[in-house]
Amino acid sequence: MFPEANAEFQAQPRMNQVTIAPAYQPSRTLEQRNRRSLYTYRMRMQTAPLFEVFNQPSYDLSCERRDSSTVTPQAFTLMNSDNSVDRSIAMALRLQREEDSVRGQLQRAFELTLGRPATDDEIAKTSAHVKEMAAYHEQHQPELIAPARELDRTVVEEMSGLALHYKEKLDVYEDYVPHVKPWDVDAETRALADVCLALFNSNEFIYVY
């Protein structure tokens, strides 16, 4: 499967023998994309940013044991990447389907992420945060970011240096099924997603549970 990728990664040129390879395009449906990384198609000339920042082994060597590191880009990726935001919104929508009250939603969030009930202090703090962020999101609507439908490409002839310019069509987006994005949901959902994102980045979730 081909997971979603940011526009910068998608626009990277990929060389294939003596020509340029097609641009990266994600799998069309959610059922195809939402799978374990084990099923991800791997490309030698283009490493997925999420895998690279978490010490993906080189394709050129056998790897009997993975390297382990704790570096700043990993924290930034888990907090700010499109994938993390998408997952937090998906979690918030599930909580809203399963529970009617904010308190019930937050209690369910702790159960699903950390495998335990939330304490009274945690409920109080996260409830206050949801209220604060709902007011913020009411005043700050996210800007819709549509995926590019085509990319500008350039191929340079080796001997003469003559450049050939063309446009490559990204046909997967003609009937693409996207994840739910921030601009697709209301302020209350985005505020609840902020708490989900914080839980996903907590030490208890990453290192313990």
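The model I am reading is predicted, so to speak of local features I keep to pLDDT of at least 70 and count side-chain atom pairs only at pLDDT 80 or more, while totals for chains, interfaces and linings use all residues. Residues are numbered from 1 along each chain as its sequence is written, and side-chain values use heavy atoms, with hydrogens and water left out.

I then noted that strand β3 (residues 150-156) and strand β4 (residues 163-169) run antiparallel and are joined by seven bridges, where pairing requires that DSSP finds at least two bridges between two strands. Six residues lie between the strands of this hairpin, and G161 takes a positive phi near 80 degrees.

For the chain as a whole I counted nine helices and four strands, taking helices as DSSP runs of H or I with at least four residues and strands as runs of E with at least two, numbered from the N terminus. The order from the N terminus is α-β-β-α-α-α-α-α-α-β-β-α-α, and the C-alpha atoms fill a box of roughly 70 × 45 × 30 Å along the principal axes.

Next I looked up helix α5 (residues 82-98) against helix α8 (residues 187-200), whose axes come within 8 Å and cross at roughly 115 degrees; the axes are lines fitted to C-alpha atoms over the stretch in contact, with angles from 0 to 180 degrees between N-to-C directions. I sorted the contact residues into 10 nonpolar, four polar and two charged, with Ala, Val, Leu, Ile, Met, Phe, Trp, Tyr, Cys and Pro as nonpolar, Asp, Glu, Lys and Arg as charged, and the others, Gly among them, as polar.

Last, I turned to the second largest pocket, which holds about 320 Å³ of space. A pocket here is an open set of points on a 1 Å grid over the protein atoms alone, where a 1.4 Å probe fits, with protein on both sides within 12 Å along at least five of seven lines, and lining residues have an atom within 4 Å of a point. The volume is the space filled by probe spheres set on the points, which are joined across faces, edges and corners. Of its 13 lining residues, V85, H137, P182, R190 and D194 are the closest to the centre, and α8 gives the largest share of the lining, four residues.
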